[in-house]
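Here is a short briefing on aromatic contacts. Keep the sequence and the model in view.

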Amino acid sequence: MKKQEQVDVNQALLRDVPDSDYYCFDNDRSKGNIKPNQIWSLYDEVDTMPRTLIRVKEVNTNGLFRVTASLMRPHNSSSEKSERNIGYPRSSGYFEKLEETTIVKTLNCFSHKMEYTLKSANVIEIFPQVGEIWALHQNQDSKPSRLEHDRQRIANEEPEFGLAVILSICCRWRAPDIVVLRKRPGFRTLWEPGYEPGALPPTYFDRFSHKVPAYKLTEQDYPDLTGTDCWDVDAAALPECLSNVTETTF
């Protein structure tokens with residue numbers, strides 16, 4: 001049997017983030033929630049946003065925490081071209097698993113589980129799902145450039161994102177309807193609808209950056225929250241400087 005090589009995952013990508021106002025997202029990424037054949041999003045090396053995708057093979061929680069997994073990469077040339085254009089790793093589209101194995105020993109590397117569709121033994125499909133919140137790039141251009149060059153540029157600039165709730169089914173050729181969110185005044189991590197629902201222009205599809213873990217809060221369940229429904233979002237999936245999270249109508 002051919003010995004599998006190990007691919008390193010940077011396990012030092014940790015930063016202090018504020019506690020969420022209501023929901024504890026750490027409970028969703030506890031050791032007991034990580035199972036074989038799941039797809040998980042880990043924090044990447046570009047700007048520490050959760051875009052590194054792995055497919056879990058084995059989980060060892062007896063003693064030291066240890067997850068054996070396969071890294072996922074874009075499956076076809078169109079995904080790779082889009083990645084070159086935006087300068088960030090993709091976290092939606094079609095992905096295939098690498099043959100090499102990676103070992104993750106730090107629970108704090110894990111952000112959230114991703115929903116996916118199995119297209120073949122090695123290929124999966126991931127697109128934003130109805131009800132999810134995704135971050136969209138704001139400060140990118142559409143000029144093709146080399147990925148390494150873009151990563152160096154990104155490292156020297158402050159990322160800007162808009163947050164949007166997905167309202168309709170989408171795929172590579174069908175952009176979804178969305179509601180753009182804005183920060184709720186007086187809270188650290190609460191976001192609420194900022195504009196009327198609208199269709200995301202197809203030309204903006206490649207601006208999907210990453211899924212942002214979120215928990216919907218209703219006035220019925222939380223009487224102290226008056227007015228429209230809102231979402232408590234995971235601060236670890238947003239830029240460190242929250243003032244860079246923009247409120248854009250697209």
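Buried means under 20% relative accessible area, exposed over 50%, and partly exposed in between (1.4 Å probe, protein chains only). By that scale tyrosine 22 is partly exposed, at 28%. The model is predicted: local features need pLDDT of at least 70, side-chain atom pairs count only at pLDDT 80 or more, and totals for chains, interfaces and linings use all residues. Residues are numbered from 1 along each chain as its sequence is written, and side-chain values use heavy atoms, with hydrogens and water left out.

**Aromatic pairs**
- Rings of Phe, Tyr and Trp (its six-membered ring) pair if their centres lie within 6.5 Å; planes under 30 degrees apart are stacked, over 60 edge-to-face, the rest tilted.
- The count is eight aromatic pairs.
- One of them joins tyrosine 22 and phenylalanine 187, tilted, at 6.5 Å centre to centre and 35° between the planes.
- Tyrosine 22 sits in the segment before strand 1 (39-43) and phenylalanine 187 in the loop between strand 11 (177-183) and strand 12 (190-193), so this pair ties together parts 165 residues apart in sequence.
- Strands (E, at least two residues) are DSSP runs, numbered from the N terminus.
- Tyrosine 22 and tyrosine 222 have ring centres 5.3 Å apart and planes at 80°, so they pair edge-to-face.

- Tyr22, Phe187 and Tyr222 form one aromatic cluster.
- Phenylalanine 187 is partly exposed, at 27% relative accessibility.
- Tyrosine 222 is partly exposed, at 22%.

Methods. Helices (H or I, at least four residues) and strands (E, at least two) are DSSP runs, numbered from the N terminus.
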